[in-house]
Amino acid sequence: MTINEIYEQLKEEYGDSIIELIENPPCDSSIIVKAESIFDICHTLRDKPGFEFDYLMCLSGLDLGENLSAVYHLYSMKHSHKVVLKTIVPKDNPKIPSVEKIWRTADWHEREAYDLIGIIFEGHHNLIRILCPYDWEGYPLRKDYKEPEYYHEMKVPY
Amino acid sequence: MGLLNKLNQPYEAGGIILGTFEDILNWGRARSDWYLHFGLACCAIEFMAMNASHFDFMRFGTIPRATPRQADFIMITGTVTLKMAERIKKLWEQMAEPKYCISVGSCANCGGPYWEHGYHVLKGVDRIIPVHVYVPGCPPRPEAFQDGMIKLQKMIKEEAIFRKRKKLEEETKIELSA
Amino acid sequence: MGEKKRIELDYSKIESDRMRLNVGPQHPSTHGVLRLEVELDGEIVTEVVPHIGYLHRCFEKHAEKMTYPQVIPYIDRMDYVTSMNNELPYVMAIEKMLGIEVPEKVQYIRVIMCELNRIASHQIAVATFGLDAGAFTPFLYFFRDREYILAIFEKASGARLLFNYFWIGGLAADVHPTFKEDVLAIVKQVRKTNKEIEDLLIYNKIFIERTANVGILPPDVAINYACSGPVLRGSGVKFDLRKNEPYSIYDRFDFDIPVGMGEVGTVGDCWDRNIVRMREMEQSCRIIEQAIEQMPNEGDVQEKLPKKIKPPKGDIYMRAENPKGDLGFYIVSNGTDKPERVKARGTSFVNLSVLPEISKGYMFADLILILGSIDIVLGEVDR
């Protein structure tokens, strides 16, 4: 199934929640969806015959300046097709429903996106920092991040 | 092998070794260093190669120990992150005197390639514990490890341990009284 | 060192028959700086909580601050035992964005180098897995052979471990004149050693007793956790990116995908994951032999490129089959010579997340074996 067909079918089922399809060869095409309905869309994509995206390849967080974004790369082992989903949320209220219950692998990916970018995944059972220490302050991969001068009395800059 | 041959003929051509007690002690100390291997990153893989058959690190009299209590020196091989730094300090404090530290690889020396934007990297392990020998390289070749080891042995051999001990005693006394 | 909090204990709530044990972050059998918080009921593991991040070297931050070619050395340092394979998806992604076709000879050298590095990586994996099980000799045998492979890399790139050899549009340098003969000699040696190891370790009764029926990973759980590489194939799922989605020139070679079949125990146990690695080495040898035969002698090893590499605006996700599984790079370009964002989907990061699931109910000593069979490299887990 090509990404256009997936887009058409999703548009039929979810209507306004599917915002647009971005095509930009040679780069990947992606479907932009509303953040609130990402859980339902992912659930459909995993379970509906024809889609069967049982493999979440990657979940990345992005800082777009004004907004934050989460990107989902899905793959189907059965049909060997893939799809890219994108959601965009404002920086002051970065809340996206968690897909951890659909693909268990999303657990660590979401924790990483929370740790480095600061996206809050609602419904995640254990959303704590994963790479940085538990008492770290700030989200390092945001563009406006400034590294701390000292951490536990150790100087951080060179 | 000159010395060993002479030991067979007592008194006539030698058989007695003269030297200060310190020298003999240091000679022994330099050749049986047990180490705590603190393998962190890429350098640890080179260190594994170093321990294997091609380079054979144990011929320097070194034995890897899993506990800091039994170690003479600590080998920091790899990038020290801020999350890890406190553990290294704790392990270093658990080691018995006299103790030494070899810092291996650019990352442990000064932050290496992560010096500029590494918000989570400690730029040099010498910011938290004293370092006696630096081995540069990213990662250093096994030959460089050997050179670092020889440098440490040389350092131990030339050390004035009794004076150092006296000094240490004085230092601890001050600490206790303070 | 921060403020110390006084811990209030409610003694009525303490379970006296469970013990929480801390393993790591510096422990000889954790393959690096992994910290495991283990809850034990006697000797039986009831819960495992991995704490990672002790080697978080801010790769993604560095990638944002560097130009595209400058990122490659940092990619080397992610999974430092399989540097060649790491570089491949990244350079392929940039080449796809720029629309560059790399020369034929480069493709062959890349494949040969990747497969050699796959062998080297699997050698370390099996060697350290043997160490975890208490067998020291295979370690020495494998590291002896690994030195020969590293010598080839050294002749090509000048480095033993971290190469910076695959460049965008080509290679850093051409291979040396006796490359083909040297590689074929290594293939012969690898086969010889693998036969020895099979007698010494793999079909050893003690080894089978310890690893069979331990840490069973069912295929549906493996897919749900997005496991890949030998961990996925050990569970009997025949999935290999080199076959299923051929990239580079892997469609030109004839090779098989070994999967775990539960020969001595259950499908998906530690022994199966290990045997997949052993058999993959043989398949890599086959690929190398075919590639050496087909490889052209003459040709350029570097495409002509503009001084500043500026891929068009957009994003791309490229993945390739690493020895540990599929490694993916999600690259967002903003049209300048520096990437907007490079997200690495660390293979070990994903594979490690399955550990709490598969280690419940086994002995504590088995936990070390299960961890060894997943074959993680902490540089890639933490990045």
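Tutor: In this predicted model, the lining of the second largest pocket draws at least two residues from each of several elements: strand 4 (67-75) and strand 5 (82-90) of chain A, and helix 3 (83-98), helix 4 (104-133) and strand 6 (314-321) of chain C. Helix 3 of chain C gives the most, with four residues. The lining has 25 residues in total, and those nearest the centre of the pocket are Asp28(A), Lys82(A), Lys96(C), Tyr317(C) and Met318(C). By class, 13 of the lining residues are nonpolar, four are polar and eight are charged. The volume of this pocket is about 640 Å³.

Rolling a probe the size of a water molecule over the atoms shows where empty space is left. Searching the whole structure gives four cavities of 30 Å³ or more. The largest cavity has a volume of about 60 Å³. Its lining consists of 13 residues, and nearest its centre lie Cys42(B), Cys43(B), Cys107(B), Cys138(B) and Pro139(B). Two helices of chain B, helix 3 (42-51) and helix 5 (105-110), each supply at least two residues of this lining. Helix 5 of chain B gives the most, with three residues. Sorted by class, the lining of the largest cavity has six nonpolar, five polar and two charged residues.

Helix 3 of chain B also packs against helix 6 (residues 142-157) of chain B. Their axes are 9 Å apart and meet at an angle of about 80°, so helix 3 of chain B is roughly perpendicular to helix 6 of chain B. On the helix 3 side of chain B, the contact involves Cys43(B), Glu46(B), Phe47(B) and Met50(B), while helix 6 of chain B brings Pro142(B), Phe145(B) and Gln146(B). Five residues of this contact are nonpolar, one is polar and one is charged.

Val23(C) sits in strand 1 (residues 19-23) of chain C. Val23(C) counts as buried because its relative accessibility is 4%, and buried means under 20%. Between Val23(C) and Leu34(C) there are 8.2 Å in space, C-alpha to C-alpha, and the two are 11 residues apart in sequence.

Note on methods: Residues are numbered from 1 along each chain as its sequence is written. Chains are lettered from A and ligands numbered from 1 in the order in which they are written. This is a predicted model: local features need pLDDT of at least 70, side-chain atom pairs count only at pLDDT 80 or more; totals for chains, interfaces and linings use all residues. Side-chain values use heavy atoms; hydrogens and water are left out. On a 1 Å grid over the protein atoms alone, a cavity is a set of points where a 1.4 Å probe fits but cannot get out, and a pocket is an open set with protein on both sides within 12 Å along at least five of seven lines; lining residues have an atom within 4 Å of a point. Grid points are joined across faces, edges and corners, and a volume is the space filled by probe spheres set on the points. Ala, Val, Leu, Ile, Met, Phe, Trp, Tyr, Cys and Pro count as nonpolar, Asp, Glu, Lys and Arg as charged, and the others, Gly among them, as polar. Axes are lines fitted to C-alpha atoms, for helices over the stretch in contact, and angles run from 0 to 180 degrees between N-to-C directions. Angles under 35 degrees count as roughly parallel, over 145 as roughly antiparallel, 65 to 115 as roughly perpendicular and the rest as oblique. Contact means heavy atoms within 4.5 Å. Buried means under 20% relative accessible area, exposed over 50%, partly exposed in between (1.4 Å probe, protein chains only).
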